[in-house]
Amino acid sequence: MLEFLYPLRTYLIVAGDLEKPNPMTADWVVPVSFKPALLGVAIGHGRYTKKLIDEQKDFVVAVPTIELLKDVWTAGTVSGSNKNKKELMSVTFIPSKKVKAPSIKECSANIECKVVKSVDTGDHTFYVGEIVNVTESDAFVDGKADIENYKFIMHASFGARFTTTSSEIIKP
Ligand SMILES: Cc1cc2nc3c(=O)[nH]c(=O)nc-3n(C[C@H](O)[C@H](O)[C@H](O)COP(=O)(O)O)c2cc1C
């Protein structure tokens, strides 16, 4: 029934450390507070990412553009519990400023979060992360996404169907 919420934007959740980073693809990412700045992400109980976040209590939400779709698919279909995704992907992991989980150089923003709360929600855990630092590329101008020049990834529906944000701006 959750398929009726789609299309949704797609992100990479990076857990672990610079030596052994583990990126996982996630659609279920949502802002939940301005002050303090909080976001939430729902992570399935079987994910290796859940184990890493439970141990380290931090993660990075990396914002990919469409050029990274192949890597996004790999991060979302391979588990770090039996494969080193770093070796399968072409992205560069770089140190974050305020958390141990690394950032991704090629992503248009890296949102560094420390876990402040986690709620069991059936077969997922909803982690609330306080945003402690953000680094961004020129895909954002004054905090606004430059959708004329950059194509952010949207998951059109469950499965291998993606689209991008368009540059059409419609005012209400
Ligand atoms: C486009 C896409 C979106 C996904 N969104 C989520 C999500 O929001 N939460 C989640 O737990 N898994 C999500 N997944 C599944 C995980 O990314 C996938 O199970 C991954 O292999 C888990 O990796 P890990 O075991 O290394 O943590 C998504 C997969 C894809 C392809």
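**Sheet, helices and ligand shell**

Reply: Seven strands form an open sheet in the order β3-β2-β6-β9-β10-β5-β4, with antiparallel pairing. The edge strands are β3 (21–26) and β4 (29–33), each pairing on one side only. Strands here are DSSP runs of E with at least two residues, helices are runs of H or I with at least four, and both are numbered from the N terminus. Two strands pair if DSSP finds at least two bridges between them. This is a predicted model, in which local features need pLDDT of at least 70 and side-chain atom pairs count only at pLDDT 80 or more, while totals for chains, interfaces and linings use all residues. Residues are numbered from 1 along each chain as its sequence is written.

Me: In which sense do β5 and β10 pair, and over how many bridges?

Reply: Strands of a sheet pair through backbone hydrogen bonds, either parallel or antiparallel. Here β5 (residues 38–44) and β10 (residues 124–136) are antiparallel, with seven bridges between them. Glycine 40 stands opposite valine 128 in β10.

Me: Which strands does helix α1 lie across?

Reply: Contact means that the C-beta atoms of two residues, placed from the backbone, lie within 7 Å. Angles run from 0 to 180 degrees between N-to-C directions, the axes being lines fitted to C-alpha atoms, for helices over the stretch in contact. Helix α1 (residues 48–56) lies across β2 (11–16), β3, β5, β6 (58–63), β9 (109–121) and β10, at about 55 degrees to β2. Helix α2 (residues 69–77) lies across β2 and β3, and its angle to β3 is about 100 degrees.

Me: Which residues of α2 are buried, and which are exposed?

Reply: Burial is a count of other C-beta atoms within 10 Å of a residue's own, placed from the backbone: 20 or more is buried, 12 or fewer is exposed, and in between is partly exposed. In α2, Asp71, Val72 and Ala75 are buried. They lie on the same side of α2 because they cover an arc of only 105 degrees around the axis, the arc being that of the directions from the helix axis to the C-beta atoms. Lys70 and Thr77 are exposed on the other side of α2. The buried residues of α2 pack against β2, β3, α3 (85–88) and β13 (153–157).

Me: How many residues surround the ligand, and which are the closest?

Reply: A residue is near a molecule if its C-beta atom, placed from the backbone, lies within 6 Å of it. The ligand is surrounded by 21 residues, the closest being Trp28, Thr49, Gly76, Ser79 and Gly80. β3, β5, α1 and α2 each supply at least two residues of this shell, and β3 gives the most, with four. The shell divides into seven nonpolar, twelve polar and two charged residues. Ala, Val, Leu, Ile, Met, Phe, Trp, Tyr, Cys and Pro count as nonpolar, Asp, Glu, Lys and Arg as charged, and the others, Gly among them, as polar.

Me: Where is the cis peptide bond that involves proline 36?

Reply: The bond runs from lysine 35 to proline 36, with omega near 5 degrees, and proline 36 is in the loop between β4 and β5. Another cis peptide bond joins tyrosine 6 and proline 7, with omega of about 5 degrees. Proline 7 is in the segment before β1 (8–9).

Me: What is phi of lysine 57?

Reply: Phi of lysine 57 is near 60 degrees, a positive value in a residue other than glycine. Lysine 57 is in the loop between α1 and β6.
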